[in-house]
Amino acid sequence: MKDVIRVATRAYSHRGVRGVRTYLHINCGCPIGPTLQGTYGTTDEARRATNELLEGTGDYYRVCSKSGLVKAQVLDRPVLHFDDTMTAAASTFNGAGVRDGDVLVVTSEGVVAIVIGTAVIAITTTRGSLTALDTSARSFRNGLYAEVVDRAVVEARKISATVDPLHATPVVEKSDAQEPAAAAEEAAVKLASIERRVRSLAADVVTPRTMFDPELTYYGDGTRVVRRARGTERCGTTFGMAASGLPNVYAFQAVRWDGGGADLVAPHILHRAGPATPADVVRTDGVTDSACRSRTGRCRRPS
Ligand SMILES: [Zn+2]
C-alpha cells in the first residue's frame with residue numbers, strides 16, 4: 001500500500017509566452033526525468049513541499065491529468081452495501097457518494113465489486129447486473145487498484161462468494177522487517193540520485209536576476225542552512241547545487257538534513273543559519289522569527 005506522489009516542474013511555451021509550471025503527480029505513470037523534484041509518502045507532504053517551492057512566486061500547482069486515486073484515502077473509506085446489483089451499478093452516478101476505488105457488496109446476489117473511475121466492476125464469478133473487466137484488476141493501471149482488490153476479496157470471503165480467478169492472485173505474505181528496509185533503500189536511492197545531479201561548490205554562487213527569478217544565492221559546500229517555509233524551519237548542511245536541466249528554471253541547492261535524508265531545495269526558501277545547536281534539529285514547532293522576510297519583501301506569515 002504505497003502511494004507514489006511526485007512533484008515536478010516543467011517549462012512550457014505558449015504563443016511566445018514562456019514559463020514554468022509545477023505539477024503534482026499522484027500514482028501516475030508519467031515519465032519524469034531531469035525535472036524530478038521529489039517523491040513523497042503522503043499527499044499532505046507533497047502539497048506542503050509544493051507550496052514551499054511556489055511560495056512567493058504567485059504561482060500555484062496543478063495536479064497532472066493522469067493522476068490516479070490516493071490509495072491511503074481510498075482504503076480508509078467504508079465498504080458499501082447495496083440491496084441489488086442494479087442499484088450498485090448506478091451508484092457512481094446517482095448521488096450515492098460512491099467514488100473511484102470503493103468496494104461494493106451485494107450480499108443478496110453474492111456479488112462483490114470495485115469502482116474503477118466511474119465503472120462498477122464485479123470481481124466475483126457471479127456478476128448480476130455489473131460489468132466485468134477482461135484484464136486482472138490487480139495489474140490494471142500498474143497495480144493502482146491491487147489493494148482495493150485485496151479488500152474486495154476479503155469481503156467476498158465474508159459472504160462466501162467466489163472471486164473470479166482473473167483477479168484472485170495469491171497474496172504474498174510480507175515480513176514486518178521488510179518495511180523499514182524498503183524505506184532505508186528508498187532514502188538511499190533518493191540520495192544517490194541527488195548526488196549524481198549535484199556539482200559541488202567551493203564557495204557561494206550568486207546568479208543574476210532573470211526575467212523569471214530574482215537574484216539567487218547558492219551556498220558553498222558545508223554551509224549550515226535553514227529552510228524556512230510555511231512557519232516551519234528545518235536545518236541542514238549544503239552539498240552542492242543541481243541544475244534543473246531546463247531553460248529558465250533555476251537550479252536547486254542540495255541539502256543534507258540534520259534529522260537524516262536529503263533534498264534538492266528551491267533557493268528562495270533557504271537561508272544561512274548559525275552554528276548547529278540541538279534546537280536547530282527539525283524544528284516544526286512555533287517559529288516566531290518575525291524579522292525574517294521573504295524575497296518579495298513581505299513579512300512571513302506569523303506562526
Ligand atoms: Zn502524472
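Helices (H or I, at least four residues) and strands (E, at least two) are DSSP runs, numbered from the N terminus. The structure described here is a predicted model, in which local features need pLDDT of at least 70 and side-chain atom pairs count only at pLDDT 80 or more, while totals for chains, interfaces and linings use all residues. Residues are numbered from 1 along each chain as its sequence is written.

## The chain as a whole

The secondary structure of the chain consists of 5 helices and 15 strands. Of its 303 residues, 31% are buried, where a residue is buried if 20 or more other C-beta atoms lie within 10 Å of its own, exposed if 12 or fewer, and partly exposed in between, with C-beta atoms placed from the backbone. Two residues are in contact if their C-beta atoms, placed from the backbone, lie within 7 Å. Among the contacts between residues at least 6 apart in sequence, 55% join residues at least 24 apart.

The strands β1 and β2 run antiparallel and are joined by 10 bridges; two strands pair if DSSP finds at least two bridges between them. Valine 7 has leucine 24 in β2 as its bridge partner. The two strands form a hairpin with 2 residues between them, and arginine 15 is placed in the loop that links β1 to β2. Arginine 15 counts as exposed because it has 5 C-beta neighbours inside 10 Å, and its phi is near 50°, a positive value in a residue other than glycine. Most residues other than glycine have a negative phi.

Asparagine 27 likewise has a positive phi near 50°, and its place is in the loop between β2 and β3 (36-40). With 19 C-beta neighbours inside 10 Å, asparagine 27 counts as partly exposed.

## The sheets

An open sheet of 5 strands has the order β14-β13-β12-β11-β15, and its pairing is antiparallel. Its edge strands, each of which pairs on one side only, are β14 (262-265) and β15 (270-272). From one strand to the next the twist averages 45°, with axes taken as lines fitted to C-alpha atoms, for helices over the stretch in contact, and angles running from 0 to 180 degrees between N-to-C directions.

Another open sheet has 4 strands in the order β5-β6-β7-β8, and here the pairing is mixed. In this sheet the edge strands are β5 (80-81) and β8 (119-122), each pairing on one side only. Helix α4 (residues 146-158) lies across β6 and β7 and runs at about 165° to β7.

| Strand pair | Bridges | Opposite residues |
|---|---|---|
| β11 and β12 | 6 bridges | Arginine 228 and glutamate 233 |
| β13 and β14 | 4 bridges | Alanine 254 and leucine 264 |
| β6 and β7 | 4 bridges | Valine 106 and valine 111 |

The hairpin of β13 and β14 has 4 residues between the strands, and within it glycine 260 takes a positive phi near 110°. Glycine 261 is found in the loop between β13 and β14, and it is partly exposed, with 14 other C-beta atoms within 10 Å. Although glycine 261 and glycine 236 are 25 residues apart in sequence, they are 9.6 Å apart in space, C-alpha to C-alpha. In β14, Ala262 and Leu264 point one way and Asp263 and Val265 the other way, and all are buried.

## The nonpolar cores

In soluble globular proteins, nonpolar side chains tend to be buried together. A nonpolar core is a set of buried Ala, Val, Leu, Ile, Met, Phe, Trp, Tyr and Cys residues joined through C-beta atoms within 7 Å. The largest one has 32 residues, and those with the most contacts inside it are Leu24, Ala46, Met241, Phe252, Ala254 and Val265. Elements that each supply at least two residues of this core include β1 (5-14), β2 (17-26), α1 (43-54) and β13 (252-257). This core draws at least three residues from each of domain 1 (5-68) and domain 3 (198-280), bounds that come from an automatic or database domain assignment.

Not counting residues up to four places away in sequence, phenylalanine 252 touches Met241, Ala242, Ser244, Leu264, Val265 and Ala266. A second, separate core has 30 residues, including Val74, Val111, Val148 and Ala156.
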